[in-house]
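Keep the sequence and the 3D view side by side as you read.

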Amino acid sequence: MRIEEDIKLDYADVLFRPKRSTLSSRKDVELKRTYKFKYSKHQWSGTPIIAANMDGVGELSIAKSLSKFEIMTCLTKQHDLKIIKRSPVIKEIFPHISLSTGTSDKDYKKLNEILKEFSFFEFICIDIANGYSDHFSKFVRSVREKYPTKTIIAGNVVTADMTQELVMSGADIVKVGIGPGSVCTTRIQTGVGYPQLSAVIECADAAHGLGAHIIADGGCTCPGDVAKAFGGGADFVMLGGMFAGHEEGGGKKIKKNGSQFIEFYGSSSNTALDKHYGGLAEYRSSEGKKVQLKYRGKIKDTVLNILGGVRSSCTYVGAPSLKQLSKCTTFIRVNQQFNDTFK
Ligand code: 5GP
């Protein structure tokens, strides 16, 4: 047994130190980024935020709304050829969509069928809860061989060694986060995890050294956290809970005490496993939960609030663009990040 003594940080453990700045207005801050990916050589431009591949979030109707902001959506694994074919706008919004697959034959077959008919999709997200198995790296390698010009996202991992391993196996983008998610119970069920800001900082450093990119996936609770992820070196930030509970997510509205609620659940929750896989295998336990969120209306307002917050963070630290945010970032460690007298 070994204990690592150095402290690892979550978003709530730090704040940005404000710096003198010549920027006069937050409206001058450029949030758009352009990336060229290591293996695919594909060039993507947009606002580097991604809706997570979770039910009620990674949906085509969400993608349609987010694409207006050039924000990406990672569709859930349940999106098969039939569902994609039914979307009237797919040819317009595909640059901001990633398809998803797990490592099962069934998932991969579904992905291959979509790509055979709609070869224009650029992004493939291969994600499993634990990206540390040899089997996973081998799978990424085989997808890279089959699709040399697609941009491959692979995850989830939280350490530099495994980020490098996935990049060397053919991932253009590594997805970072184990246990920080709003409806994730992995840390309670398994005791496994890594504070998300430190994971982002360490994995970004490893990926950038190899010319690859990372997604900070999970754990953002407010626009300030999104900014901190970028400040820590994330190239993209993936949001589940912050994009859940909206009209476009399509969830059934529940009326309670005069308010409306929408259910949101983890991809490994009993609810998701019952819905998509006919229940939980006996040898495993659920690692996600279900919550009821107050209905939040149109996603556009949430997006504007997030982008406004990130722009403002940039002005506070003197970054004229999102690209410069991490260079302008000094984090200070704090014991309390905000005043919660009136919750
Ligand atoms: P959030 O933005 O809600 O904090 O986190 C979203 C991320 O949580 C997703 O992109 C995914 O990586 C992770 N996630 C989603 N569902 C589950 C689940 O049931 N269990 C675990 N461990 N993680 C989940």
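This is a predicted model: local features need pLDDT of at least 70, side-chain atom pairs count only at pLDDT 80 or more; totals for chains, interfaces and linings use all residues.

Residues are numbered from 1 along each chain as its sequence is written, and side-chain values use heavy atoms, with hydrogens and water left out.

Start with strand β6, residues 123-127. Helices (H or I, at least four residues) and strands (E, at least two) are DSSP runs, numbered from the N terminus. How many of the residues of β6 are buried? Five of its five are, so the strand is mostly covered. Buried means under 20% relative accessible area, exposed means over 50%, and partly exposed lies in between (1.4 Å probe, protein chains only). In a regular strand the side chains alternate between the two faces of the sheet. Look for this in β6: Phe 123, Cys 125 and Asp 127 point one way, while Ile 124 and Ile 126 point the other way.

Now find the partners of β6. Strands of a sheet pair through backbone hydrogen bonds, either parallel or antiparallel. Two strands count as paired if DSSP finds at least two bridges between them. Strand β5 (residues 97-101) runs parallel to β6, and four bridges join them. Leu 99 stands opposite Ile 124 of β6. Strand β7 (residues 151-157) also pairs with β6 in the parallel sense, over five bridges. There, Ile 124 stands opposite Ile 152.

β5, helix α4 (residues 105-117) and β6 form a right-handed β-α-β unit. From β6 the chain crosses through helix α5 (residues 134-146) to β7, and this β-α-β crossover is right-handed. Right-handed means that, with the strands pointing away from the viewer, the path from the first strand over the helix to the second runs clockwise.

Most residues other than glycine have a negative phi, and most peptide bonds are trans. The peptide bond from Gly 155 to Asn 156 is cis, with omega near 5°. Asn 156 has its place in strand β7.

Two residues have a positive phi without being glycine. One is Lys 41, with phi near 65°, in the loop between β2 (33-36) and β3. Lys 41 is exposed, with a relative accessible area of 54%. Glu 70 has a phi of about 55° and is found in the loop between α1 and β4 (71-74). Glu 70 counts as partly exposed, at 28% relative accessibility.

Next comes Glu 59, in the loop between β3 (43-51) and α1 (60-67). Glu 59 is buried yet has no salt bridge. A salt bridge is a side-chain nitrogen of Lys or Arg within 4 Å of a carboxyl oxygen of Asp or Glu. What is the nearest side chain of opposite charge? Lys 275 is, 6.7 Å away. Lys and Arg count as positive, Asp and Glu as negative, and His and the chain ends are not counted. Leaving aside neighbours within four places in sequence, Glu 59 is in contact (heavy atoms within 4.5 Å) with Met 54, Thr 73, Leu 75, His 79 and Gly 249.

Finish at an open sheet of three strands, in the order β11-β12-β13, with antiparallel pairing. β11 (253-256) and β13 (290-294) stand at the edges with a single partner strand each, so one side of each has no neighbour in the sheet. β11 pairs with β12 (residues 259-265) over four bridges, and Lys 253 stands opposite Ile 262 in β12.
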